[in-house]
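Q: Hi! Could you walk me through a few features of this one?

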Amino acid sequence: MIRSLHPKLRIMARDNVIRVLGDEAEMCAFEGCIERIRQYVLQYNVISEENILDIVKGHPTNMEGVKDVVVYNISGKPIKARSSTQQSLIDAYNKNDMVFAVGPAGTGKTYLSIALAVKALKERTAKRIILSRPAVEAGEKLGFLPGDMKEKIDPYLQPLYDALEDMVPAAKLQDMMDKHIIQIAPLAFMRGRTLNDAVVILDEAQNATTAQIRMFLTRMGWNTKMIVTGDMTQVDLPKGQKSGLREALEILTGIEGIGIVNLTSKDIVRHKLVTKIVNAYEKADKQDNKQEVTI
């Protein structure tokens, strides 16, 4: 199709290289056109013949009118806030270097945080993304899982892989991970590091101890943003051990440069049953607490 739109040029494509022969002015125009196509794919992760035609003719593309988009997924669909509180998370990220996003399952905490990190990487405001989770068992013990250490830990990190795979094409994602532009590691592996020029996300932080949270937050380096997400209703720490996230929220509230966003069941963007399940468990928890107080 590109050849047919530039009939005066001889165009040959092999692998990821395009060779062009012809008039110098025509070749310069062609180079500009290809660069615009490349930038379009970089931003939207997808392209159609209609998009190419619009770009070559200088017309606005069908995605340019979409506003408030964080990034586009690999299918070209826009990822943006789907509730006012989710928008508050985006605003808090833009205004602060450290953000805590706390709320129940399905509120988009992790997904939106990773979208913000991918955006920073695309816009080159950050050089790398570092994603972490505490490897705390929620039923199965690490030692009983098959495989080496990486294979034992990967199941804990799978939700992070899932979100990335939805936003970054598979080949590019693998290349970025091979080059350590995107790093995914358990929280324990953060000790001793200074994290510069990065967006760093700690997911499921309610399962981090006080010492782990303190260690993680003090890894922050120059030109770095941190997002800490968690759900205080899903603490898997041993009974009697206080969540480091709960303590961090108590200690750090009111500090300039730190934003705290509380999401609720109203912000749940998964299946409608998830909202009903979360509400039912919250109701049961309140009844249990009342009984304990009465006793």
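A: Happy to! One term before we start: two strands pair if DSSP finds at least two bridges between them. Also, keep in mind that this is a predicted model.

Q: Good to know. So which residue in E9 is the bridge partner of Val 200?

A: That would be Met 226. Strand E9 covers residues 225-230, and four bridges join E8 to E9.

Q: And how do E8 and E9 run, parallel or antiparallel?

A: They run parallel.

Q: How many bridges join E6 to E8?

A: Five, and those two strands run parallel as well. Strand E6 spans residues 128-133, and its Ile 129 has Val 199 of E8 as bridge partner.

Q: How many residues of E8 are buried?

A: Five of the five, residues 198-202, so E8 is largely enclosed by the rest of the structure. Both faces are covered: Val 199 and Ile 201 lie on one side, with Ala 198, Val 200 and Leu 202 on the other.

Q: Switching to helices: at what angle do the axes of H2 and H3 cross?

A: Roughly 135°, and the axes come within 9 Å. H2 is residues 24-44 and H3 is residues 49-57. Angles over 145 degrees would count as roughly antiparallel and 65 to 115 as roughly perpendicular, so H2 and H3 are oblique to each other.

Q: Is that crossing left-handed or right-handed?

A: Right-handed.

Q: Which residues meet there?

A: From H2, Cys 33, Arg 36, Ile 37 and Tyr 40; from H3, Asn 51, Ile 52, Ile 55 and Val 56. By class, the contact has six nonpolar residues, one polar and one charged.

Definitions and conventions. Residues numbered from 1 in each chain as written. Predicted model: local features only at pLDDT ≥ 70, side-chain atom pairs only at ≥ 80, totals over all residues. Heavy atoms only, no water. Axes fitted to C-alpha atoms, helices over the stretch in contact; angles between N-to-C directions. Parallel < 35°, antiparallel > 145°, perpendicular 65-115°, else oblique. Left-handed = near helix turned anticlockwise from the far one by under 90°. Contact = heavy atoms within 4.5 Å. Nonpolar A, V, L, I, M, F, W, Y, C, P; charged D, E, K, R; others polar. Buried < 20%, exposed > 50% of the residue type's maximum accessible area, 1.4 Å probe, protein only.
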